[in-house]
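Subject: Structure for your pocket work

Hello,

Here is the structure we talked about, with notes on what was found in it. Please look through it before reading on.

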Amino acid sequence: MAAPDRQSQRIGNPVHRPVLLREVMREMELSSGLTVLDGTVGAAGHSQKIWQKIRPDGTLIGLDRDPMMLAYASTKLRSDAADAQRIILEHASYADAASVLESHQIDQVDRVLLDLGLSSDQLASDDRGFSFQATGDLDLRFDPSRGHPAWKMLQNWSETELCEIFEEYGEERYSRRIAAGIEQHRQENSKPLRSAKELTEIVLRSVPSSARQDAKKHPATRVYQALRIAVNQELDHLRQALDETLPRIVRPGGRALIITFHSLEDRMVKAAFRGASWQTTQTGPSKALKPISASPDEVRLNPRARTARLRVAIRA
Ligand SMILES: C[S@@+](CC[C@H](N)C(=O)[O-])C[C@H]1O[C@@H](n2cnc3c(N)ncnc32)[C@H](O)[C@@H]1O
């Protein structure tokens with residue numbers, strides 16, 4: 001198994017619970033010998049189950065932009081050394097899956113899974129800044145070896161740019177006030193706004209008290225989502241995957257499954273699956289048009305599943 005497991009020595013057990021696991025397994029229609037790409041392998045919650053269905057002759061390719069998550073995946077999937085050569089783990093974006101497959105002499109795959117967004121293990125790492133209360137640097141990069149951390153970008157973006165980012169990627173109602181709050185902090189402080197906790201405090205000071213009392217969603221949720229999307233250029237990766245990568249790598253009759261967590265991504269997936277490259281699944285109602293959501297039982301056990309939407313399409 002090609003696995004960057006430098007960090008596996010210092011990680012504990014993953015805390016992430018895979019969402020819509022039963023539904024993903026049902027819609028994948030797996031059998032032994034298939035080749036499956038998990039483009040967002042994370043802590044391998046889905047991949048471990050997928051591997052059990054396609055082993056011993058199948059091939060599993062797991063990609064992640066975050067080396068820490070690959071270390072989790074490696075630890076979890078490495079349990080059976082006899083099978084391990086047929087599990088490939090690579091540090092790459094799913095948008096670049098075609099070149100990863102090519103480097104392993106794999107032309108096309110039977111199934112692709114993308115489970116977008118953030119893992120609970122990333123959220124739990126205090127030094128990554130993904131959580132509202134993190135005291136470490138506000139980094140927010142999936143891949144800490146590339147690009148710039150969010151706290152640096154917060155120094156560079158103008159108030160207008162910040163407002164646009166919060167509006168466009170967070171659909172945040174109070175973008176203008178929050179951008180103004182950050183600008184005021186920059187004017188009044190010589191030190192940069194560096195921790196997640198500080199940003200959360202600014203958001204809480206900037207929004208009206210009615211928004212602070214919404215028990216369902218923390219008032220900073222949309223700001224964090226927007227910054228994370230901007231810092232990681234998440235929609236560019238998804239656009240490239242939908243327009244080029246997936247139509248190229250999924251064999252005719254193969255399936256693509258995508259789980260999204262907010263409407264911006266879900267709208268993109270829905271539009272792409274309506275295109276000429278894809279058919280809807282043959283059984284049941286049109287899955288590309290009607291997404292699959294988590295059951296009330298799953299949401300009770302895992303509140304993160306509340307906003308998850310799974311769409312499935314068959315390569316034409
Ligand atoms: C929701 S988690 C996946 C969880 C996984 N399905 C499981 O059950 O353990 C999403 C993962 O996708 C990764 N990720 C985000 N954007 C990516 C991209 N463009 N390419 C590859 N991985 C990406 C994140 O680092 C994170 O580990």
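A pocket here is an open set of points on a 1 Å grid over the protein atoms alone, with protein on both sides within 12 Å along at least five of seven lines, while a cavity is a set of points where a 1.4 Å probe fits but cannot get out; lining residues have an atom within 4 Å of a point. Grid points are joined across faces, edges and corners, and a volume is the space filled by probe spheres set on the points. The model is predicted, so local features need pLDDT of at least 70 and side-chain atom pairs pLDDT 80 or more, while totals for chains, interfaces and linings use all residues. Residues are numbered from 1 along each chain as its sequence is written, and side-chain values use heavy atoms, without hydrogens and water.

Pockets

The largest pocket holds about 900 Å³ of space. Its lining has 30 residues, and Thr221, Gln225, Arg228, Arg304 and Thr307 lie nearest the centre. Helices and strands are DSSP runs numbered from the N terminus (helices H or I, at least four residues; strands E, at least two). Helices H5 (120-123), H11 (221-232) and H13 (263-273) each supply at least two residues of this lining, and H11 gives the largest share, five residues. By class, the lining of the largest pocket has 10 nonpolar, 11 polar and nine charged residues. In this scheme Ala, Val, Leu, Ile, Met, Phe, Trp, Tyr, Cys and Pro count as nonpolar, Asp, Glu, Lys and Arg as charged, and the others, Gly among them, as polar. Domain 1 (6-121 + 235-315) and domain 2 (128-232) each provide at least three residues of the lining of the largest pocket; the domain bounds come from an automatic or database domain assignment.

The second largest pocket has about 310 Å³ of space. It is lined by 18 residues, with Arg65, Arg146, Asn232, Gln233 and His237 closest to its centre. H11 gives the most to this lining as well, with three residues. The classes are six nonpolar, seven polar and five charged.

Cavity and ligand

The structure holds one cavity of 30 Å³ or more. The volume of the largest cavity is about 390 Å³. Of its 29 lining residues, Thr40, Asp64, Asp115, Leu116 and Gly117 are the closest to its centre. Helix H2 (45-54) and helix H12 (234-249) each supply at least two lining residues, and the largest share, three residues, is from H12. This lining divides into 11 nonpolar, 11 polar and seven charged residues.

For polar contacts (pairs of N or O atoms within 3.5 Å), a polar backbone atom of Ala43 is 3.1 Å from an oxygen atom of the ligand. A polar backbone atom of Gly45 is also 3.1 Å from a ligand oxygen atom. On Asp115, a polar side-chain atom lies 2.8 Å from a nitrogen atom of the ligand. The ligand taken alone exposes 600 Å², and the protein buries 98% of that (accessible areas by the Shrake-Rupley method with a 1.4 Å probe).

Backbone

Most residues other than glycine have a negative phi, and most peptide bonds are trans. The peptide bond from Arg55 to Pro56 is cis, with omega near 0°. Pro56 sits in the loop between H2 and strand E2 (59-64). Leu20 is not a glycine, yet has a positive phi of about 50°; Leu20 belongs to the segment before helix H1 (21-28).

Regards

Conventions:
A polar contact is a pair of N or O atoms within 3.5 Å; within protein, one must be able to donate a hydrogen and the other to accept it, and residues adjacent in sequence count only if both atoms are side-chain atoms.
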